[in-house]
Amino acid sequence: MPRNIENAKAEVQWINNIISGKTELTQQVKEEISTKTVENFRDHINKGFLEYRKSATIAGDFAMTEWSGQGSIITDMLGREFIDMLGGYGLYSLGIRHPKVVEAVNAQLHRSPQYSQELLDPLRAQLGRVLGELTPGDIQYGFFANSGTEGVEGALKLAKLYTGKSGFISTIGSFHGKTAGSLSVMGKSVYRKPLLPLLGNVKYAPYGDADAMEIELMKAATVGDDIAGIIVEPVQGEAGAIVPPDDYWPRLREMCDRYGVLLIADEVQTGFGRVGEIFGVDCWDVAPDIMAFGKALGGGVVPCSGFMSTAKIWECMEPNPFMHTTTTGGNPIACASALAAIGVMLEEDTPKQSAEKGIYMTGKLNELKDRYPGMIKEVRGKGLLIGIEFVDGEVGYHVVAGMFKRGVLTGGTLNNAQTIRIEPALTVPYELLDKTVEIMEEAIKDQI
Ligand SMILES: *Cc1c(COP(=O)(O)O)cnc(C)c1O
């Protein structure tokens, strides 16, 4: 569109007055915001989204425009409420706007929101310390960033720097983020193929199959394809809450030691209580060499991600600490958010809540599966990372849409609703879990 400074000025004023509360939110203004949001998505973001988002396709006159939230309830511009069973795909492990996280971020915001880039920053240093205390094995040093994919990028770079090797082995169906490095180890053709070539020398083994991983290591060692590390999700999230056999992680640890390659755990989704322990690898008492974090680390208020490793491995970054940097990563409000979130996780024992509520919820969902044969194929998961696999994507989509119409938000989009994810806040009240199952039953009944 042609440049128009006057229009830009008017448009920015319009929204800034709404953000700051100077504009009163009358019904007319609310409807205007809703309508304009759809137009803006169409003209300035990506009109493709409007075809995939249930909030636009089945909303009726006014698209559901997210406006506020608290705990496990999301409210749209026009006051319609949703039970949040999606949890921002793992972002909202403490729910929306946990008061303690908001308070900490507020306090830091009024002191110093970002860094000078020169003075030493106490919050980042302390976050490294706290995570060093929490992580398994000898993991001790950390680098902080904003998105999960940056955590993975850093983990891959560190593995290459330390080993002097370039190859990786990943798993089929894996999700590690969408920047170029992370995409190179992604196990899904749809996102990867159009962008090839990416990082070379990446191999794949089926997820959960330790024998297959060992064969890849053996092949690489035999033919001289040097492998820096293997990267694996403790539980595959995006692929639909796939839990590996209990001996998988211990065997990965053992074979990595034997072949001299690094074990990288992508804990972006599983970390910080999601699967019933502080970290996913804790379910099997395995200490990886490198861990990547994201999503819930920031407590759902300010994004925070990172990667961590042992003193021995980190040494390779010490001669030139500028080998890996980012201007805004680990900024003070992000670290304040993460530190407050970790405090809440430990005080409220959210990993335990996740384990208990996960057992409760999968039990309820399995009862549904048995009551309506031919609808749900499998209920699986660990903690509150739950996947419900429907017999086919069509049924899944209609159930998800039926739940959405009744005010329950879950994963599963138009093109991929065969497996939907239930990933609520770990602090979610039991009543809302019950309500979700009730509403799901109604949505299933509609399909019979
Ligand atoms: C979400 C996710 C990522 C990417 O995180 P972003 O913040 O979306 O970049 C990486 N790995 C796993 C396992 C994830 O679930």
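Modeller: Happy to. Let's start with the second largest pocket, whose lining is made up of 11 nonpolar, 10 polar and six charged residues. Here Ala, Val, Leu, Ile, Met, Phe, Trp, Tyr, Cys and Pro count as nonpolar, Asp, Glu, Lys and Arg as charged, and the others, Gly among them, as polar.

Biologist: Before we go on, how should I read the numbering and the model?

Modeller: Numbering starts from 1 along each chain as its sequence is written. The model is predicted, so local features need pLDDT of at least 70 and side-chain atom pairs pLDDT 80 or more, while totals for chains, interfaces and linings use all residues, and side-chain values use heavy atoms, without hydrogens or water.

Biologist: Thanks. Which residues lie nearest the centre of the second largest pocket?

Modeller: Asp-121, Arg-124, Gly-142, Phe-143 and Pro-321 do, out of 27 lining residues. A pocket is an open set of points on a 1 Å grid over the protein atoms alone, with protein on both sides within 12 Å along at least five of seven lines, and lining residues have an atom within 4 Å of a point; a cavity is a set where a 1.4 Å probe fits but cannot get out.

Biologist: And which element gives the most to the lining of that pocket?

Modeller: H7, with six residues. Helix H7 covers 122–134, and strand S4, at 139–145, also supplies at least two residues of the lining. Helices (H or I, at least four residues) and strands (E, at least two) are DSSP runs, numbered from the N terminus.

Biologist: Switching to the ligand: which residues surround it?

Modeller: Around the ligand are Ser-147, Gly-148, Thr-149, Phe-175, His-176, Gly-177, Glu-233, Asp-266, Val-268, Gln-269 and Lys-295, each with a heavy atom within 4 Å. By class, that shell has two nonpolar, six polar and three charged residues.

Biologist: How far is Lys-295 from the ligand, going by its polar side-chain atom?

Modeller: That atom of Lys-295 is 2.6 Å from an oxygen atom of the ligand. The backbone takes part too: a polar backbone atom of Gly-148 sits 2.8 Å from a ligand oxygen, and one of Phe-175 is 3.4 Å from a ligand nitrogen.

Biologist: What about cavities: which residues line the largest one?

Modeller: The lining of the largest cavity is Leu-91, Ser-93, Leu-94, Phe-272, Ala-296, Leu-297, Gly-299, Ala-338, Ala-341, Ile-342, Met-345 and Thr-350. Helix H14, residues 332–347, provides the largest share, four residues. By class, this lining has nine nonpolar, three polar and no charged residues.

Biologist: What is the phi of Phe-272, one of those residues?

Modeller: Phe-272 has a positive phi of about 65°, although it is not a glycine. You'll find Phe-272 in the loop between strand S8 (262–266) and strand S9 (290–293).

Biologist: Now sheets. In what order do the four strands of the open sheet come?

Modeller: The order is S1-S2-S3-S13, with mixed pairing. Two strands pair if DSSP finds at least two bridges between them.

Biologist: Why is one side of S1 left without a neighbour in the sheet?

Modeller: Strand S1 (66–70) is at an edge and has a single partner strand, so one of its sides has no neighbour there, and strand S13 (408–409) is likewise an edge strand.

Biologist: How are S1 and S2 joined?

Modeller: By four bridges, and they run antiparallel. Gln-70 stands opposite Ile-73 in S2. The two strands form a hairpin with two residues between them, and Gly-71 in the turn has a positive phi of about 60°.

Biologist: And how many bridges join S2 to S3?

Modeller: Three bridges join S2 (residues 73–76) to S3 (residues 81–84), and this pair is antiparallel. Thr-75 has Glu-81 in S3 as its bridge partner.

Technical notes. A polar contact is a pair of N or O atoms within 3.5 Å; within protein, one must be able to donate a hydrogen and the other to accept it, and residues adjacent in sequence count only if both atoms are side-chain atoms.
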